[in-house]
Amino acid sequence: MKPENPKSKITNPKSQITNALAVVLASGGMDSCVTTAIAAADYRLAMLHVGYGQRTGRRELAAFNALADFYHAERRMVAHLDHLRAIGGASPTDAQIAVERADLDRKEIPSSYVPFRNAHFLSIAVSWGEVLGARKIFIGAVAEDSSGYPDCRPEYYAAFNRVIIAGTKPETQLEIATPIIHMRKSEIVKQGLALGAPFGLTWSCYQAESVACGVCDSCALRLRAFDEAGVDDPIPYAARLSYKRAKKR
């Protein structure tokens, strides 16, 4: 009888994962902060940050290190993908493309989408996770109530998990976890508050590094989330605007 491939069934009941290691992709933003808090409840942490030539790279790195310190990460790694800046085509990495003013009713994919970015991030996480013997890769992808990036959809991560099974050693048991992917932003805030997530250490703005602009999509989504959750966002804003949803008739 052919022995069963250990990858064919990946199960991680809490009784088995108390001492397991997870790689957590953390940008330093609100979503990755809450994802880190969720992962920290059951796993030891190896935290990974990726710089890709983004406008706010230094501020995001500072936020990442603050979160890694707060959650006592056993390991941390900072990787660099300078080729994404060379490729351009997105406002976070291309100086020729202005950061768009927030439009939370926009139907098309915004210019802030960095083409296929999360595949690059996940590839690094899988390589590191396999070497470390990690069991999970946590990423704070959000499909609901977000900017509509195609590499934040559940089917994308389901497909990537199949790639991991096909492309790693037979004994590797590593899979992607997206614990907040179906949450609305306000639900993410509430989950973070329940877990004691340090939102004051995070950074989400696409274009400023000292005081958040308050007018880019990322700032607008964040401000609306805190407003709907009924709490104040603890980071500073140059323009603390209201982005309330239009009431349905």
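This is a predicted model: local features need pLDDT of at least 70, side-chain atom pairs count only at pLDDT 80 or more; totals for chains, interfaces and linings use all residues.
Strand S4 (residues 136-138) and S5 pair in the parallel sense, over 3 bridges. One of these links can be named: Lys136 has Glu175 in S5 as its bridge partner.

How many of the 11 residues of H2 are buried? The count is 9, so H2 is largely enclosed by the rest of the structure. The buried residues are Met30, Asp31, Ser32, Cys33, Val34, Thr35, Thr36, Ala37 and Ala39. They pack against S1, S2, helix H3 (57-70), S4, H7 and H8.

The last two of those helices also meet each other. Two packed helices are described by the angle between their axes and the distance between the axes. Helix H7 (residues 185-194) and helix H8 (residues 217-229) pack at an angle of about 65°. Their axes are 8 Å apart. H7 passes H8 in a right-handed crossing. On the H7 side, the contact is made by Lys185, Ser186, Val189 and Lys190. On the H8 side, the residues are Leu221, Ala225, Phe226, Glu228 and Ala229. Sorted by kind, the residues of this contact are 5 nonpolar, 1 polar and 3 charged.

The structure holds 8 aromatic pairs. A pair of aromatic rings is described by the distance of the centres and the angle of the planes. Take Tyr156 and Phe160 to begin with. Their ring centres are 6.2 Å apart and their planes stand at 45°, so the pair is tilted. Tyr156 and Phe160 are 4 residues apart in helix H6 (residues 154-167), and are therefore separated by about one helical turn. Both Tyr156 and Phe160 are buried.

Now turn to Phe199 and Phe226. The ring centres of Phe199 and Phe226 are 5.2 Å apart, with planes at 80°, so this pair is edge-to-face. Phe199 lies in the loop between H7 and H8, while Phe226 lies in helix H8. The pair therefore ties together parts that are 27 residues apart in sequence. Phe199 and Phe226 are both buried.

Ring pairs also build a cluster. It links Phe116, Tyr156, Tyr157 and Phe160.

Ile87 lies in helix H4 (residues 82-87). Is Ile87 buried or exposed? Its relative accessible area is 59%, so Ile87 is exposed; the cut-off for exposed is over 50%. Ile87 and Pro115 are 28 residues apart in sequence. In space, C-alpha to C-alpha, Ile87 and Pro115 are 9.2 Å apart.

Notes:
Residues are numbered from 1 along each chain as its sequence is written. Side-chain values use heavy atoms; hydrogens and water are left out. Axes are lines fitted to C-alpha atoms, for helices over the stretch in contact, and angles run from 0 to 180 degrees between N-to-C directions. Helices (H or I, at least four residues) and strands (E, at least two) are DSSP runs, numbered from the N terminus. A crossing is left-handed if the near helix is turned anticlockwise from the far one by less than a right angle, and right-handed if clockwise. Contact means heavy atoms within 4.5 Å. Ala, Val, Leu, Ile, Met, Phe, Trp, Tyr, Cys and Pro count as nonpolar, Asp, Glu, Lys and Arg as charged, and the others, Gly among them, as polar. Two strands pair if DSSP finds at least two bridges between them. Rings of Phe, Tyr and Trp (its six-membered ring) pair if their centres lie within 6.5 Å; planes under 30 degrees apart count as stacked, over 60 as edge-to-face and the rest as tilted. Buried means under 20% relative accessible area, exposed over 50%, partly exposed in between (1.4 Å probe, protein chains only).
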